[in-house]
Amino acid sequence: MDEERETLQRIVSTLVNKNDEIHNFIDMLNHTISNVQVNSSNAISELDEEFDGLYSVLHEMKGSMANTIQQEEARKIQALQDQLSQCSRALESSEELLELAVQSLDIKNPVELLEATRQIKDSVTVASAFRLSLKPKVSDSMTHMMVDFALEKRMLQAVKFLPVPKAPEIDVAACLVADNCITISWRMPEEDSRIDHFVLEYRKTNFDGLPRLKGEQRWELVDYIKATQYTLSGLKFDTKYMNLRVQACNKAVAGEYSDPVTLETKAFVFSLDSTSSHLNLKVEDNYVEWDPTGGKGQEKIKGKENKNSNTASPKRSTNSPRALARGSRDRFAGESYTVLGDTAVESGQHYWEVRAQKDCKSYSVGVTYRNPGKFDQLGKTNSSWCIHINNWLQTTFSAKHNNKAKTLDIPVPDRIGVYCDFDGGQLSFYNASSKALLHTFRTKFTQPLLPGFMIWCGGLTVTTGLQVPSAVKTLQKSENGLGGSTSNLNNVA
């Protein structure tokens, strides 16, 4: 009976996942149909703009060339009219001389005839009619103003849509996720010398498989990548996966995106639990600060909310994994100025970092079992481990567990890295900048662990969503911890 029920449960789970995949694919198809319609409309609009621009250029060229022809016409006509005027004046002068010569033929007196002949001869010698060119200065031909667009017509008839680059192919085997960086590699399906650059898009997600359309973060973009590999660095891995896709672009147009890939971005993510923190601590997400007012203002507000509400806060819902990690702890009190993380470490290897304000007087960084007493201080019980920094009067740096301390004769770093190997029974602290080992506790953890922080006079910033750095992994392989200190400090867990 139990076996059949378990089989049915697996079938139900498989069907639910498959139905979820199909729903997501249907959403993707509908979204694609909508995009096809929108992009087609945009393409037609751009086509109209291009042809309108071409028409405008042709119209402008036609006007300019027609104007040139008209100017040439005016020039030739002016030259011919000038020549015509000269001919008219020469003809008029010549007709006058002709009339005078004809009249002189009737002179009887030899002396007068001789004189008239001489005068007419002199006038003819200087007459413009005999110096006038009887050839038109310009021809009537306008063939030099003709055009032949046969070549251009053939070019226009050969116009096609722009060559679009093919979609790149992401080489999943060559992709690397390490040190909160993602290196992604890709290649073109065939050689394309016209490729100018690539565009990389990525987004965080908690879903494996194909990217979803609903309830997802927007795509982040990296443009103008010249190589076929790119490294995204300084990422915070606060989701389980990362979707990535690549697009090739030439000088004119971008191609289609590659098939998206989903890479796992496993890291330990938690926030600080303000519901059980000491009232002298002001907690906001991943920042905690000493508050000398004792949180009286917050206490009044919360008291008023509880008085006017008969329903439980969603944040306290026992169905939440973080609520289960918090349980029903009382607030820390007395001198236990403590705040815990809201997510427990139950297995695996995890890493987070802490930065203290420069004027911080005293603080502790470590882990504790899930339900410490409200007056318990980190490192003073057999269920908590920490390193403690005291900057009051003089600086002391020590590792604490079960109310025993070991002085650490090394400088206090600006940032402290915490490495917890739950299954391996190891808690190590590092200089987060240099990755130098500060101290290691070795024990056997028998209960889930919560990150813990104590603060007095100052503030702490906690950075989560970090992978275990490669340098830390390398140091873990070194038996002696490369110069750091190791202690048991009564490691009965």
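Strands, as the word is used here, are DSSP runs of E with at least two residues, numbered from the N terminus. By that rule Q247 belongs to strand β7, which spans residues 241-249. The model is predicted.

**Negative patch**
- On the surface, E46, D48, E49, E50 and D52 gather in a patch of negative charge.
- One of these residues, E49, has its place in helix α1, which covers residues 2-104.
- E49 counts as exposed because its relative accessibility is 57%, and the cut-off for exposed is over 50%.

**Q247 in strand β7**
- Q247 has a relative accessibility of 12% and therefore counts as buried, the cut-off for buried being under 20%.
- From strand β7 (residues 241-249), the side chain of Q247 reaches the backbone oxygen of G255 at 2.9 Å.

**Asparagines with positive phi**
- Most residues other than glycine have a negative phi.
- N180 is not a glycine, yet its phi is positive, at about 55 degrees.
- N180 is found in the loop between β2 (176-178) and β3 (181-187).
- With 7% relative accessibility, N180 falls under the 20% limit and so counts as buried.
- N402, also a residue other than glycine, has a positive phi near 55 degrees.
- The loop that holds N402 runs between β16 (396-401) and β17 (404-407).

Notes: Residues numbered from 1 in each chain as written. Predicted model: local features only at pLDDT ≥ 70, side-chain atom pairs only at ≥ 80, totals over all residues. Heavy atoms only, no water. Patch = residues over 30% accessible without salt bridge, like charges linked within 9 Å, V, L, I, M, F, W, Y side chains within 5 Å. Areas by Shrake-Rupley, 256 points an atom, 1.4 Å probe, with all protein chains shown as cover. Salt bridge = Lys/Arg side-chain N within 4 Å of Asp/Glu carboxyl O. Lys, Arg positive; Asp, Glu negative; His and termini not counted. Charge placed at Lys NZ, Arg CZ, Asp CG, Glu CD. Helix = DSSP H or I, 4+ residues; strand = E, 2+ residues; numbered from the N terminus. Buried < 20%, exposed > 50% of the residue type's maximum accessible area, 1.4 Å probe, protein only. Polar contact = N/O pair within 3.5 Å; in protein donor to acceptor, adjacent residues only side chain to side chain.
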